[in-house]
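Subject: Structure handover

Hello,

Here is the structure I said I would pass on. My notes on its contents follow below.

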Amino acid sequence: MRAVFAADIDRADPLRGLDIGERPDPKAPHGFTVIEVRATSLNHHDLWSLRGIGLSRDALPMILGCDAAGVDEEGNEVVVHSVIGSESWLGDETLDPRRSLLSERYPGTFAERVAVPRRNLIPKPPELSFEEAACLPTAWLTAYRMLFTRAGLAPGATVLVQGAGGGLATALIGLASAAGIRVWVTSRSEEKRAEAVELGADEAFQLGARLPERVDAVMESVGEATWAHSVRAVKPGGTIVVSGATSGDAPPAELRRIFFLQLSVVGSTMGTRTELERLIQLCVRRGVRPPIQMTLPLAEARKGFEAMLSGEVHGKIVFAP
Ligand SMILES: NC(=O)c1ccc[n+]([C@@H]2O[C@H](COP(=O)([O-])OP(=O)(O)OC[C@H]3O[C@@H](n4cnc5c(N)ncnc54)[C@H](OP(=O)(O)O)[C@@H]3O)[C@@H](O)[C@H]2O)c1
């Protein structure tokens, strides 16, 4: 079958190891089933894998991709929850020390078919297209957990989203505004600031700009380039939820501010199957949909990777096998 895979790892030039070609059909281990992939979407995780972060050389070649919507062996339309826990784990899957995402230990979703645990399948509602559903399991699920589970934000609160154009940032904007939260965003690009306001942000600012007032919580995934601003933007007693460090992970810690203002710095990773089910229901009931920048056949996946590497992402990039 056709697939997009990491054939090599290169921290400085990640696209050097990207390959598109034939891979053997997936075999379903005990408890797994094979899904025919109708749509899948690109995440920064796929670039990290090509840089060797979360993927080791001895796992190569590895089919990339965490997200999938498709059709199961019985003909049901499904969305795949990408967090693969150990069989014996009970409770929050994101806390299982042996969990992995598709494309880390098991082959990923950038292929015509993928093997996934049966318990990771969620029915796809007819209201969502395969392309829309394929955007939800990583970026949108992470945004849902950051806002509602980890920050516990309520309607009427104010949140600052660092970064505006990416898959996670656009998800944070869409979900927070649908939940009645005032959304402020920052972006490097004037065009993306304008797009963020169209997507539902209340105001968009340049990176590091002074805000009209301090916010209840900051959603941080940019890391080094925005950390100092995040620490200054949040109210005393407020929360910074961290789910990524795209621009680097060694900013000054700002420890004095953190203890003196009694800030909570909270990590967040992916989400549970239940959170994914609730996210899907929220999208169906409130009409929230992921903005899709482009849909490409697998054969042209490199174009999508190039756009992400150069920072030219406006929402989600979808591949349709
Ligand atoms: N923990 C988890 O489970 C989880 C899940 C999903 C994502 N993540 C992490 O979250 C981050 C974003 O993921 P994504 O898939 O949304 O990636 P993406 O689509 O490539 O988006 C990158 C984002 O970073 C922003 N950014 C701002 N300043 C930047 C700078 N100096 N350098 C680079 N980017 C900058 C961009 O905003 P502008 O272009 O508007 O400035 C954009 O919103 C990644 O680090 C990813 O690994 C983590």
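Five residue pairs are in polar contact between domain 1 and domain 2, both residues of each pair being at pLDDT 80 or more; a polar contact is a pair of N or O atoms within 3.5 Å, where within protein one must be able to donate a hydrogen and the other to accept it, and residues adjacent in sequence count only if both atoms are side-chain atoms. On the side of domain 1 that touches domain 2, the residues divide into five nonpolar, seven polar and three charged. In that division Ala, Val, Leu, Ile, Met, Phe, Trp, Tyr, Cys and Pro are nonpolar, Asp, Glu, Lys and Arg are charged, and the others, Gly among them, are polar.

Before the rest, the basis. This is a predicted model, in which local features need pLDDT of at least 70 and side-chain atom pairs count only at pLDDT 80 or more, while totals for chains, interfaces and linings use all residues. Residues are numbered from 1 along each chain as its sequence is written, and side-chain values use heavy atoms, with hydrogens and water left out.

Domains

The domain assignment of the protein chain gives domain 1 as 2-135 + 290-319 and domain 2 as 139-267; such bounds come from an automatic or database assignment. Taken over C-alpha atoms, the centres of domain 1 and domain 2 are 26 Å apart. Each domain puts 15 residues into the contact, with contact meaning heavy atoms within 4.5 Å.

Between them, domain 1 and domain 2 bury about 1,100 Å², and 55% of that is on carbon and sulfur atoms. Buried area here is the accessible area (1.4 Å probe) that two parts lose on being put together, summed over both.

One salt bridge is counted between domain 1 and domain 2. The term means a side-chain nitrogen of Lys or Arg within 4 Å of a carboxyl oxygen of Asp or Glu. Arg145 and Asp92 also form a salt bridge through their side chains, at 3.0 Å from N to O.

Asn43

Asn43 lies in the loop between β3 (32-41) and α1 (44-50). Helices (H or I, at least four residues) and strands (E, at least two) are DSSP runs, numbered from the N terminus. Asn43 counts as buried because its relative accessibility is 5%; buried means under 20% relative accessible area, exposed over 50%, and partly exposed in between (1.4 Å probe, protein chains only). Leaving out residues up to four places away in sequence, Asn43 touches Cys66, Asp67, Thr138, Ala139, Met308 and Lys316. With Asp67, the side chain of Asn43 makes a polar contact of 2.9 Å.

Salt bridges elsewhere

The whole structure has 15 salt bridges. In one of them, the closest N and O atoms of Arg16 and Asp8 are 3.1 Å apart. Arg16 is partly exposed at 47% relative accessibility, as is Asp8 at 22%.

Arg38 and Glu36 form another, with 3.5 Å between the closest N and O atoms. Arg38 has a relative accessible area of 34% and so is partly exposed; Glu36, at 38%, is partly exposed too.

Glu277 and Arg273 meet at 3.2 Å, N to O. They are separated by about one helical turn, because they stand four residues apart in helix α8 (residues 273-286). Glu277 is partly exposed at 30%, and Arg273 is partly exposed at 24%. Salt bridges that share partners also join Asp8, Asp10, Arg16 and Arg57 into one network.

Regards
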